[in-house]
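Please look through the sequence and the model shown below before reading on. The report that follows takes up the sheets, a helix, the core and the ligand in turn.

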Amino acid sequence: MSLPWDRLLAERAARIRPSLLVDFDRLPSSADLVLFSGGAPPLECLPAERIAGALAEAWRAEPEALWYGESQGHEPLRVAIAERMRQRGAAVEPEEIIITNGSQQGIDLIARLLLEPGDRVVVEAPTYFGALQVFEPFAVEICTVPLDDRGMLVEALERVLAARPRPKLIYTVPTFQNPAGVTLDLERRQALVALAERYGVPIVEDDPYGELWFDRPPPPPLRALHPDVLYLGTFSKTLAPGLRIGWLVAPRRLMKLLVDTKEGIDIQADRLLQRALARVLEGDWFERHLEAARANYRERCTLLLRCLERELAGLATWNAPGGGFFVWVTLPDAVDTDALLVECARHGAAYIPGSAFYPDGAPRPSFRLGFTTLSTARLEEGMARLGLAIRAAVQP
Ligand code: PMP
């Protein structure tokens, strides 16, 4: 006899946003579908040797790592992260950092601490899919603020902040945004922080891509402009997403609550790994690794932009990101990129349709292309296939 699970599920369960990844299996495609969906470093760039070496060193020198301990995270790792953040202009102390299982967990910790049913949460439109996955089960009302090529439209934000009930938090990816690739410029950063202060609404700054710039560093993090900004960092994009090590910078007033909440979820982040990462951050290895990654992604992005020009000039518009992993392509308004994806898959290439990045999930004329995971040959081949499918489906 099986239990009546449908009746047993919490109301919250009905609000769970299904994973994006599953849907690719349902597409009509040949086995060698070129996936522009990836938002991760390419497999061949994962620093497996360096991490294996550091793990072996940590394991021998610090066997106590195999025991329980420090839910806030390994202190030398927090010291190293604070130092890196200071170099980017944000005066952060190690005591203001909690190590998380990826920045995804940081979003969840913040949501648990701040959100009540019915609260308003402000996000960019489009926004990071995974943030919607965290916020929606809390039965909050998601309010959107549009983006342009300088990031979030702060005048539109002010209208949302001025309305009642006052939003409970502003979630933003200000640097090399996922999915739109755009970066909030300094003037708007200052305006955003000033608005948030005026209306008393906390900002959550999710920053997985800030260190992965192409030609010049982006403006300083929002956390550099205001100490109340809740900042999320991660090693998922700079080292490897499988590590599941990120960090959350929060005011001291919140730290004990955050640490106790994390303890209730998973006790602590992997202690051996944290010790290994503290070693990886010693010396200049990590900086050299970042330099190589930046050059690599810049080259892939340039190639993608060249392919877009060749395949879709006159038919679509897109941005040229200054860093990060994504280019956002927009077709004429009438185009439904959910439906178009099926055509593209028939031709052997797939993107993530714009609908995934809006809370209402309605079809959009835009889609996201990730350029970091594909080899140059696959990228060119995939773009040729996309171009063919899109030109056939969309009449200029
Ligand atoms: N935030 C954003 C904006 C992201 O793009 C991602 C990864 N796709 C995450 C958070 C989650 O990162 P992590 O692996 O550190 O949990």
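## Terms and numbering

Two residues are said to be in contact if their C-beta atoms, placed from the backbone, lie within 7 Å. Helices (H or I, at least four residues) and strands (E, at least two) are DSSP runs, numbered from the N terminus. Residues are numbered from 1 along each chain as its sequence is written. The model is a predicted one, in which local features need pLDDT of at least 70 and side-chain atom pairs count only at pLDDT 80 or more, while totals for chains, interfaces and linings use all residues.

Burial is judged by counting neighbours: a residue is buried if 20 or more other C-beta atoms lie within 10 Å of its own, exposed if 12 or fewer, and partly exposed in between, with the C-beta atoms placed from the backbone. In helix H9 (residues 271-280), nine of the 10 residues are buried, so this helix is largely enclosed by the rest of the structure. The buried residues of H9 pack against helix H2 (48-61), helix H3 (75-87), S2 and H10.

Two residues of H9 can be followed in detail. Leu-273, which is found in helix H9, counts as buried because it has 22 C-beta neighbours inside 10 Å. Not counting residues up to four places away in sequence, Leu-273 touches Leu-243 and Ile-245. Gln-274 also has its place in helix H9, and it counts as buried because it has 23 C-beta neighbours inside 10 Å. With the residues up to four places away again left out, Gln-274 touches Gly-73, His-74, Leu-77, Ile-99, Ile-245 and Ala-269.

Gln-274 and Leu-77 are 197 residues apart along the chain, yet their C-alpha atoms are separated by 6.6 Å. Leu-273 and Gly-323, on the other hand, are 50 residues apart in sequence and 27 Å apart in space, C-alpha to C-alpha.

Two strands pair if DSSP finds at least two bridges between them. On this basis there is an open sheet of eight strands, in the order S2-S9-S8-S7-S6-S3-S4-S5 and with mixed pairing. Its edge strands, each pairing on one side only, are strand S2 (97-100) and strand S5 (151-152). Helix H4 packs on the sheet, touching S2, strand S6 (169-172), strand S7 (203-206), strand S8 (230-234) and strand S9 (246-249), and its direction makes about 155° with that of S8. For this angle, axes are lines fitted to C-alpha atoms, for helices over the stretch in contact, and angles run from 0 to 180 degrees between N-to-C directions.

Strand S3 (residues 120-125) has six of its six residues buried, so it is largely enclosed by the rest of the structure. Six bridges join S3 to S4, and these two strands run parallel, with Glu-124 standing opposite Val-145 in S4. S3 also pairs with S6 in the parallel sense, over three bridges, and there Val-121 has Leu-169 as its bridge partner in S6. In S6, Leu-169 and Tyr-171 point one way while Ile-170 and Thr-172 point the other way, and all are buried. Strand S4 (residues 141-148) and S5, by contrast, pair in the antiparallel sense over two bridges, and Leu-147 stands opposite Met-152 in S5.

Strand S11 (residues 326-330) and strand S14 (residues 366-370) pair over five bridges, and Thr-330 stands opposite Ser-366 in S14.

A nonpolar core is a set of buried Ala, Val, Leu, Ile, Met, Phe, Trp, Tyr and Cys residues joined through C-beta atoms within 7 Å. The largest such core has 108 residues, and those with the most contacts inside it are Leu-248, Leu-277, Leu-304, Cys-344 and Leu-369. Helix H10 (residues 285-312) supplies the largest share of this core, seven residues. Leaving aside its neighbours within four places in sequence, Leu-369 is in contact with Phe-36, Leu-304, Phe-326, Val-327, Val-329 and Tyr-351.

## Around the ligand

A residue is near a molecule if its C-beta atom, placed from the backbone, lies within 6 Å of it. Of the 14 residues around the ligand, Gly-102, Ser-103, Gln-104, Thr-234 and Ser-236 come nearest. The largest share of this shell, three residues, comes from helix H4 (residues 102-114).
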